[in-house]
Amino acid sequence: MTIIVTGGAGFIGSNFIFYELEKHKEDRIVCVDSLTYAGNLSTLEPVMNQLNFRFVKLDICDREGVYRLFEEEKPQVIVNFAAESHVDRSIDNPEIFLQTNIVGTSVLMDACRKYGIDRYHQVSTDEVYGDLPLDRPDLFFHEDTPIHTSSPYSTSKASADLLVMAYHRTYGLPVTISRCSNNYGPYQFPEKLIPLMIANALADKPLPVYGEGLNVRDWLYVEDHCKAIDLILRKGTVGEVYNIGGHNEMKNIDIVKLICRYLDKPESLITHVTDRKGHDMRYAIDPTKIHNELGWLPETKFQDGIKMTIQWYLDNKTWWENIVNGEYQNYYRKMYGNRKEM
Ligand code: NAD
Ligand code: TYD
């Protein structure tokens with residue numbers, strides 16, 4: 001079958017493409033990506049010449065372009081990873097988040113209605129559920145937890161989820177949605193917590209922890225996320241939402257200390273800076289449904305995954321140094337220049 005993977009030049013999308021091409025050699029993958037600051041064509045170089053892979057530079061909001069591609073490729077499955085994905089950027093300027101994350105999703109689904117598909121899968125996030133209090137470790141996000149967003153990013157993702165369900169109910173579009181916790185692993189853009197701390201630590205630069213660093217995230221190795229999406233595509237029930245998470249909650253400050261330890265860097269690099277506006281306190285997924293219905297369980301333990309990830313950033317310095325030495329420097333000055341040390 002032909003699978004269109006949008007956002008495949010980004011972090012999770014590229015890992016998903018590698019996983020699919022390896023696991024399902026009979027399938028054809030068409031990667032659609034507009035190559036924003038977060039998209040990196042060099043990531044896809046290892047598969048670029050494979051006969052069952054095609055890269056198309058295209059904005060998912062470009063209706064005519066998307067329709068043309070559907071006419072040409074006649075895909076059976078769409079997996080939509082394409083998104084503006086960074087909370088801090090959404091706080092700085094929400095507009096593009098609404099465009100790509102909401103309008104882009106609707107364009108893709110309109111194409112699905114027009115040309116017919118077997119499955120539209122929306123890659124969503126646990127952030128649509130808002131946050132949980134730190135003093136209630138008994139609480140988790142379930143699939144029926146009410147949507148209650150905090151940031152422009154999570155609100156745009158939640159809006160897209162609602163739209164996906166509306167297309168299912170109104171037009172009978174065969175959709176599924178997955179809501180995953182924070183991912184880490186190879187090819188993550190160095191503006192996100194883990195790769196940013198690795199890159200800064202290696203350069204002996206300050207490690208900017210927002211506030212006290214007590215916020216909790218539920219970290220999942222990216223390949224485990226990819227495996228879950230693959231299972232949902234092939235065995236999941238149309239119209240259903242699946243939460244994905246590894247019961248691996250950690251405080252930001254502990255992650256940063258761990259990175260210092262593994263890289264043999266002093267904790268004195270840690271600098272507490274002005275907190276993120278509206279900062280969500282705790283995310284924690286209950287993955288019982290995907291475990292019971294599809295047999296999914298995370299396979300990579302955090303202590304192994306974080307070591308593999310740090311090693312990947314050590315072995316692939318050119319990949320991220322090309323990023324941090326370019327336009328990223330302006331981003332960094334803009335986002336961190338005004339954060340006061342606490
Ligand atoms: P990313 O920012 O690394 O990659 C996004 C990709 O989408 C980039 O290649 C970018 O060029 C492309 N893109 C952006 N706008 C586009 C447009 N208009 N048209 C076509 N392509 C466009 O993001 P990621 O971390 O890989 O996240 C992928 C998806 O997974 C997102 O939908 C995100 O909301 C979701 N998600 C991410 C996490 C996480 O921890 N990173 C967790 C749960 C869910
Ligand atoms: P991030 O990787 O941006 O993911 P998300 O906000 O989607 O969870 O951030 C993870 C956590 O790390 C979040 O609580 C914010 C915090 N953080 C810092 O403390 N310093 C930083 O420089 C960054 C980028 C994030």
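This is a predicted model: local features need pLDDT of at least 70, side-chain atom pairs count only at pLDDT 80 or more; totals for chains, interfaces and linings use all residues.
Residues count from 1 along each chain as its sequence is written, and chains are lettered from A, with ligands numbered from 1, in the order in which they are written. Local features need pLDDT of at least 70, side-chain atom pairs count only at pLDDT 80 or more, and totals for chains, interfaces and linings use all residues, while side-chain values use heavy atoms, leaving out hydrogens and water.

Let's start with the ligands. Around ligand 1 there are 28 residues, and I12, D33, S85, Y153 and K157 come nearest. Ligand 2 has 19 residues around it, the closest being E127, R217, R276, H279 and Y336. Here, a residue is near a molecule if one of its heavy atoms lies within 4 Å of it.

Some polar contacts (pairs of N or O atoms within 3.5 Å) are listed here:

| Residue | Its atom | Ligand atom | Distance |
|---|---|---|---|
| G10 | backbone, polar | ligand 1, oxygen | 2.9 Å |
| F11 | backbone, polar | ligand 1, oxygen | 3.0 Å |
| T100 | side chain, N or O | ligand 1, nitrogen | 3.1 Å |
| Y210 | backbone, N or O | ligand 2, oxygen | 2.8 Å |
| R217 | side chain, N or O | ligand 2, oxygen | 2.7 Å |
| Y336 | side chain, polar | ligand 2, oxygen | 2.6 Å |

Now for the helices (DSSP runs of H or I, at least four residues, numbered from the N terminus). Helix α6 (residues 193-202) packs with helix α10 (residues 302-315) at an angle of about 55°, their axes 11 Å apart. Axes are lines fitted to C-alpha atoms over the stretch in contact, with angles running from 0 to 180 degrees between N-to-C directions. I194, P195, I198 and L202 of α6 meet I306, T309, I310, Y313 and L314 of α10, contact meaning heavy atoms within 4.5 Å.

Note on methods
Helices (H or I, at least four residues) and strands (E, at least two) are DSSP runs, numbered from the N terminus. A polar contact is a pair of N or O atoms within 3.5 Å; within protein, one must be able to donate a hydrogen and the other to accept it, and residues adjacent in sequence count only if both atoms are side-chain atoms.
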